[in-house]
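This briefing sets out what can be read from the model that follows, grouped by topic. Please keep the coordinates open alongside the text while reading.

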Amino acid sequence: MAATSLSNLSSSLSSTAAATTTTTTTTTALSKPSSLPLFHNKTLPKPTATTTTRAATSHNHNSPIPKPQQHQHSSPFSFSDDDEKPREECGVVGIYGDPEASRLCYLALHALQHRGQEGAGIVTVNNNVLQSITGVGLVSDVFNESKLDQLSGSLAIGHVRYSTAGQSMLKNVQPFVAGYRFGSVGVAHNGNLVNYRTLRAKMEDNGSIFNTTSDTEVVLHLIATSKHRPFILRIVDACEKLEGAYSMVFVTEDKLVAVRDPFGFRPLVMGRRSNGSVVFASETCALDLIEATYEREVYPGEVIVVDNNGIQSLCLMSHPQPKQCIFEHIYFALPNSVVFGRSVYESRRQFGEILATESPVDCDVVIAVPDSGVVAALGYAAKAGVPFQQGLIRSHYVGRTFIEPSQKIRDFGVKLKLSPVRAVLEGKRVVVVDDSIVRGTTSSKIVRLLKEAGAKEVHMRIASPPIIGSCYYGVDTPSSEELISNRMSVEEIRDFIGSDSLAFLPFDSLRNLLGNESPNFCYACFSGKYPVEPRELKVKRVGDFVDDGLNGSLETIDGGWVQATTPPQPTRTPKEVKAAGTVF
């Protein structure tokens, strides 16, 4: 937005902030179709204990928090869950107006644990003080009863993370909290800023000091240095300088703010509990756990402010056609979530049905690579009229490090996680459904595992198109050079993984399934066409996790940065991949 537009809004918003005796103030500057619902003109429950005027930041780290472990390259087998798969970076939660905000935030983060397992944090507001507890590990590892008791108040934000921008260390665990001349602010961010390095370098040239390696810290600096008032316009001013993907929740001494980038790359939803408290979360599964009713998505380019006056909705950032991440439906989100207005379960079931229709094969049983391939496998089995059975059992108790015996066990990482059921597989022609193939190393080991368990034939079906491009919008993917579909034809991949046949979900069929909504999704990982051109490309070092797709140290996760004007172009186009077709 131009500075003049911000100036025009500044006076009206300032007067709104001052009018504390009024009820909900709703700004209807939404650049959306008129059919979209407006917001509730309803006074919200006020945060508890707001009698003091002190605006300090309390980083409550009195309780011991485990330090990140340094990876050892010796005998222990380092195991990082699902390193073969693209990984979602983060999950965020925001709660306003509930006396048990920290506990509800804790539960909501638990529901979003699949979006990040490296660190978790919660910030609450009590007596105008922002209190923060963060730690490395799972939500249940970071928080216990005594720590949650320290996080009193009815206003909270939370975060679970898996990093791309920023190494895995305690100081990079969000939410971040900072004090500036007008008070304190906390932020939790899901996404990735493609112009992070440029912004940071400019700020450092002007004397800014950074405490982390996370792109989210740039947002706090932009807010602190903005000349606009009130606070909401500082956020808008900051977001106008950002490029890339961001779904963020902010907290101040008396406000909860939710923001989504103009393209809407990453999901963010709003709900309400029966006591009137407002909840924001990355997925609806978090709302379900804390008994909050889903109301709607935060629109692309929208800023929502929740405070004592109620809810203000502002669409102050221009938003072109949305480009929502299709991989939320393929892999990231839980099947019980509704993402971008669509049921994730139904999407995956339909992916499986398409595979059964367009890439049929004679078989005796359909199995899935758990857990992300299960729903697509159910869809395939139902459409093909073939029994679905549990041919692979996944262990949910695998940690990061196991001591491997001196006698090396082949495919040790895969065998730790997946155990074949010989009674299901022996002598059978098996269709195995997985959500995606990235490097192909894990797929080859799964095929070998199934054949060693007695499978007569193994036919691999993939519930996504071939991945030929890396993601720069908040998903951890390897460099294009490491993506097997960018280097090999379908036949070459089939030969590499050792399956009897291989088929991917056709790109055109995926778009046809989405119908009129198809233009609203980002397909950069399948097409190599990026809605926002990356200015700084995050490149994975070739060789990261190359052993079997399940190995690798935490130090290698972040990769390196290089300056570029355009992303590296995939060597294969979707048309070339499509031409290869299904291989038998």
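Predicted model: local features only at pLDDT ≥ 70, side-chain atom pairs only at ≥ 80, totals over all residues.

A residue counts as buried when its relative accessible area is under 20%. Phenylalanine 332, with a relative accessible area of 5%, is therefore buried by that cut-off.

**Overall architecture**

- The protein contains 19 helices and 30 strands, and of its 584 residues 60% count as buried.
- When contacts between residues at least 6 apart in sequence are considered, 74% of them join residues that are at least 24 apart.
- The accessible surface of the protein amounts to about 22,100 Å², and carbon and sulfur atoms account for 52% of that area.

**The largest cavity**

- Five cavities of 30 Å³ or more are found in the model, and the largest cavity holds about 130 Å³ of space.
- The lining of the largest cavity is made up of 15 residues, among which Cys325, Phe327, Cys471, Val475 and Cys525 lie nearest its centre.
- By class, 13 of the lining residues are nonpolar, while one is polar and one is charged.
- Helix H9, spanning 327-332, and helix H18, spanning 524-527, each contribute at least two residues to this lining.

**Aromatic pairs**

- Across the whole structure, a search returns twelve aromatic pairs.
- Phenylalanine 327 has a relative accessibility of 3% and counts as buried, as does phenylalanine 332 at 5%.
- A cluster held together by ring pairs takes in Phe327, Tyr331, Phe332, Phe507, Tyr523 and Phe526.

- Valine 532 sits in the loop that runs between H18 and strand E29, the latter covering 536-539.
- With a relative accessible area of 10%, valine 532 falls under the 20% cut-off and is therefore buried.
- Once neighbours within four places in sequence are set aside, valine 532 is in contact with Val194, Glu243, Gly244, Phe263, Phe265 and Tyr473.
- Although valine 532 and lysine 323 are 209 residues apart along the chain, their C-alpha atoms are separated by 9.7 Å.

Key. Residues numbered from 1 in each chain as written. Heavy atoms only, no water. 1 Å grid on protein atoms, 1.4 Å probe; cavity = no way out; pocket = protein on both sides within 12 Å on 5 of 7 lines; lining within 4 Å. Points joined across faces, edges and corners; volume = space filled by probe spheres on them. Helix = DSSP H or I, 4+ residues; strand = E, 2+ residues; numbered from the N terminus. Nonpolar A, V, L, I, M, F, W, Y, C, P; charged D, E, K, R; others polar. Buried < 20%, exposed > 50% of the residue type's maximum accessible area, 1.4 Å probe, protein only. Contact = heavy atoms within 4.5 Å. Areas by Shrake-Rupley, 256 points an atom, 1.4 Å probe, with all protein chains shown as cover. Phe/Tyr/Trp six-rings, centres within 6.5 Å; stacked < 30°, edge-to-face > 60°.
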